[in-house]
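Reader: Hey, can you walk me through this one? I'd like to start with a strand and its neighbours.

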Protein chains: 2
Amino acid sequence: MKKIQPIILKGTRDFLPAEMMRRNAAMEIIRKTFEQFGYSQIETPILSPAETILGKYGKEGDRLTYAFKDRGGRRIALPYDLTVPFARYVALNYQKLALPFKRYQIQRVWRAEKPQKGRLREFYQCDIDIIGSKSLICEAEIAKIIIDVFSRLGIPDIIIKVNSRRLMDMVLRSLNVSLDKINSVIHIIDKIAKIGDKAAAAELHKIGFQNGQKIFQTLRPEGTNKSTLAKFLRYDVSELEEFFSYCQKFEVLDASLQIDTMLARGLDYYTGLIFEVVSQDADFGTICAGGRYDNLCGMFCGKDFSGIGVSFGFERIMLLLEKLNLFRGGSSSSKVLVAIFDKNSIKDSLEIYNTLIKAKVPAEIYLEPAKLAKQFKFADKKQIPFVVIQGPEEREKNEITIKRMQSGKQKTIPINQMVIYLSNERDFLV
Amino acid sequence: MKKIQPIILKGTRDFLPAEMMRRNAAMEIIRKTFEQFGYSQIETPILSPAETILGKYGKEGDRLTYAFKDRGGRRIALPYDLTVPFARYVALNYQKLALPFKRYQIQRVWRAEKPQKGRLREFYQCDIDIIGSKSLICEAEIAKIIIDVFSRLGIPDIIIKVNSRRLMDMVLRSLNVSLDKINSVIHIIDKIAKIGDKAAAAELHKIGFQNGQKIFQTLRPEGTNKSTLAKFLRYDVSELEEFFSYCQKFEVLDASLQIDTMLARGLDYYTGLIFEVVSQDADFGTICAGGRYDNLCGMFCGKDFSGIGVSFGFERIMLLLEKLNLFRGGSSSSKVLVAIFDKNSIKDSLEIYNTLIKAKVPAEIYLEPAKLAKQFKFADKKQIPFVVIQGPEEREKNEITIKRMQSGKQKTIPINQMVIYLSNERDFLV
C-alpha cells in the first residue's frame, strides 16, 4: 500500500496527553467559575449555513472565514467566533430561554490566517454573555468573573481596562465630530497603539479632522482612576461610577480596574462599557475582551436583545500559564500501576486491579508480564506515583508491595490495607 | 438591514441549557470512567488534509465525507470517525508516547448523510483504544470498561456480543472458503440480520458458494456461551476462554457476555476479538462496538501498531438515557437566586451574592430590581431551588429570608447562618 504522510495542517494541532491534561485542568477552572455564577453552557453547530456567518465581520472577516460548497451545492461556513453563532442561536431559540439569559460557550473557531506564534487557524474560545438586562450589575458581575477566572488559574495580577463608549461619543461630539464620522474616528484611535499618535493624526486629517492631537489630548486618561474620573467630570461619568460602586461590593480591587478613555475596541456594535484584559506578568496582548452591545440579533430578527459579553482567548491563556510555569507536570491521571510479576500472577494482579477500580482509585494494570524494571520505567515515563507488586512471597502471605516511584522506597502491607493506604497518601496531587 | 434567517443545517443541532446539562452529565461519567482505568485524553484537528481522511472507508465512506478546497486550493476534509485520525496521530507522534498507549478521545465527527432519527450529520463519538499490546488482558479491560460505563450511566442491562475473527476464519477455511474470499463472505454474513438467510445465501451463490446454508448452520452459536464453546471445541477456542477467565477476575458477569459466532462487523481490519454492545432495555441497535486490529497505522507508516478499541455512540446513548427516563430534569447549575428587593437594596444584595460566591455556593443574582413575583417566576423557570431575599425589615436585623421554591416555604435566619444553611440543604441534587 502506498503510505500517506501523517501530516496535519499548519495552524492546527495534535494534543499529546500531557498537554491535554493541562488544557483540561485550565478549562475546568474556567468552566466551573462560569457555572458558579449561574451561566449555562450551550453549543452551536460547527457546519453552518454560510449566510449566517459571512457578512458579519466586514471584508477582512469574510476573507478569513472558512467557507465552501457541500456536495449538494449548499454554501457552508465554519464559525469565525462564538458571538455571531450565539446571536443566531438567540434569534432562533429565544422563546425557550429564561430572560435575562446567561450563557457560556467553549468551542473551537476557525480563521483562514497565515499561522504564526499565538495565531492559529483552529483554536478555542470561551465566551460568556448576559442578554436581556441593561443593568450595570451585569458589567460588575462580568468584571468579577474575569478576576475570579484569572485568580483561580493562578494569574492574579491582571488589569481590566475599561472605557465607556457613551463617554467617548460625548467627548468626540464636543470636539465637533459628527455622528456619522464617530465610528471612523474611533477606528483610527484604535490604531494608535500600533501606529502612534502622529500617523493616527495624519489619518484623521485625511477624513477631514485637523484637530487630531487635540482629540487625543482630550481623550487621554490621567494617572489614576480617580483623576481620570475628575478630568471627565464635565461629561456624564455616572455610568462608570455606578459600575465602580458595584465592583466594590464584589470586592474587585480598584487596582485591578483601569479606566482607559482611549480604549476603543474596533467593533462598531459596542454601545456601553467595554473591557480589555491584560496580564501584568507577561505581555501576551489582550487575553480577554468584550463589552456591552445594544442589539445582539439585529441581523437575524426584529427583537431587540441588549446585553454584554466577553471572550476569553484560551490559547493565549495557555501560553501565559506555561510561561508563568503554573503547571506541575504529570501526564497521567493514574495514581497506581499494578505490575504483573510473571505469567502465573496475571489473574491475581487482575484481582488486585479490580479491587482498586471498585474503590475508585485511578489505576491501571501493566498489560502483560514483563521484567519489573520495564514496568517501573513505564510508571516513571507516565509519572504514575505508585506501583503495586505481588510476587509469590507476598501472595503466600496475602500481602502486596507498594513502591513509591519518586523516592524508590518500598513497603509491604496486607492486601486488605491497600486501598486505605493509597487513599491516604498525601503526596499525590495532580 | 435585510434580516437573515437564523437557521441551522439539517442534521446539526443547537443545544439548549437543559439538554446541554444532561449531555455534560453523561459525558462526564464516560470521561471519568475512562480516566479511572488510566486512559489519557487526546485531541486531533478538525480541519484535516483530505488525503489523511479520504480513501480509508471505501467508496461509500468517501461519498459521506465532508471534503472541500480551501482558498489556497488545498484539499481539506472533516473527520468521518475518530479511528483514522487516531491512526494518523500515532504515526506522527509515536515516539512521544509511552507504549502500551491507552487513549480516549471525545470529539465531533461528520457524515454527509440524509439526516433521520438517530442519524445526524454532526455528532459526538467517544473512543478508547489500547495500542502496543497483544495481551488479552486488553480485551477483558475493554469489556470491563463497557460494563462500568453503562452501569454508572444507569443502564446496567447491556449485552456485549463477542466473536473471534480468528475463529470465524478457521471455520470458514474448514468450509473451503479460500483466504482471498474470506472478507467477501464475511461481508455477506454481516448482512444476514438485515436481509435474512435466504438472500444472504443467494449472494454467496453469486460469488461461487453453493453451501450458504451450510456455512450459516456451522457458524451459528448455541443457546449459551458454554454450549457455543463446546460446539466450536474442535477449532481453537483458547482465545475466547482466556478472555472469559480474565473477565471473571474483573467481575464481569457471564450473563453480560454473549458469544455470537455470526457477529462479523463489516470492517476488514479487525483480526481478533470483536465486540458489539446492545441494550436489553430498548432497541437502539448497537450503542458501542469495536475490536482488535493488527495494524492501526499501516496506511500512514511502516511501524506495526496492533491494538484494540471500541467506539461509544454518544448520541444513541443520550437517546437511550432519555427513553429510560434517567434524567432528573433541571436546567441550571445554580442553587440559589439572590433577589433584589428594591432599588435601595442593590448593594446589599450584591454583598449577599458575593458572600455566596466566596463560599463556592453556585448562585446567581437577579440582575435588576423587579417585583418579587417576577423574580420567583424566574427561579421557577430555571429550576433554581432557593431564593434569598433581604427586605428593609430583614436588613434592619441583619437577617435574610430563604424561600424554598418547591414547597413555597420561607424561613428567616441571621445572615451569618446563610452559607451553612444552604450548604447543609440536602434536597438539592442535580
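Reader: How many bridges join β7(B) to β8(B), and do they run parallel or antiparallel?
Author: In this predicted model, 3 bridges join β7(B) to β8(B) (residues 257-259), and the two run parallel. Strands are DSSP runs of E with at least two residues, helices are H or I runs of at least four, both numbered from the N terminus, and two strands pair if DSSP finds at least two bridges between them. Ile160(B) has Leu257(B) as its bridge partner in β8(B).

Reader: And what about β9(B), in which sense does that pair with β7(B)?
Author: Antiparallel, over 7 bridges, with β9(B) covering residues 270-279. Lys161(B) stands opposite Glu276(B) there.

Reader: Is β7(B) mostly covered or mostly open?
Author: Mostly covered: 5 of the 7 residues in β7(B), residues 158-164, are buried. Buried takes 20 or more other C-beta atoms within 10 Å of a residue's own, with C-beta atoms placed from the backbone.

Reader: Switching topic: how many residues of chain A are in contact with chain B?
Author: 80, and they meet 79 residues of chain B. Contact means C-beta atoms, placed from the backbone, within 7 Å.

Reader: Which helix gives the most on the chain A side?
Author: Helix α12(A), residues 346-358, with 6 residues.

Technical notes:
Residues numbered from 1 in each chain as written. Chains lettered and ligands numbered in written order. Predicted model: local features only at pLDDT ≥ 70, side-chain atom pairs only at ≥ 80, totals over all residues. Contact = placed C-beta atoms within 7 Å. Buried ≥ 20, exposed ≤ 12 C-beta atoms within 10 Å, placed from the backbone.
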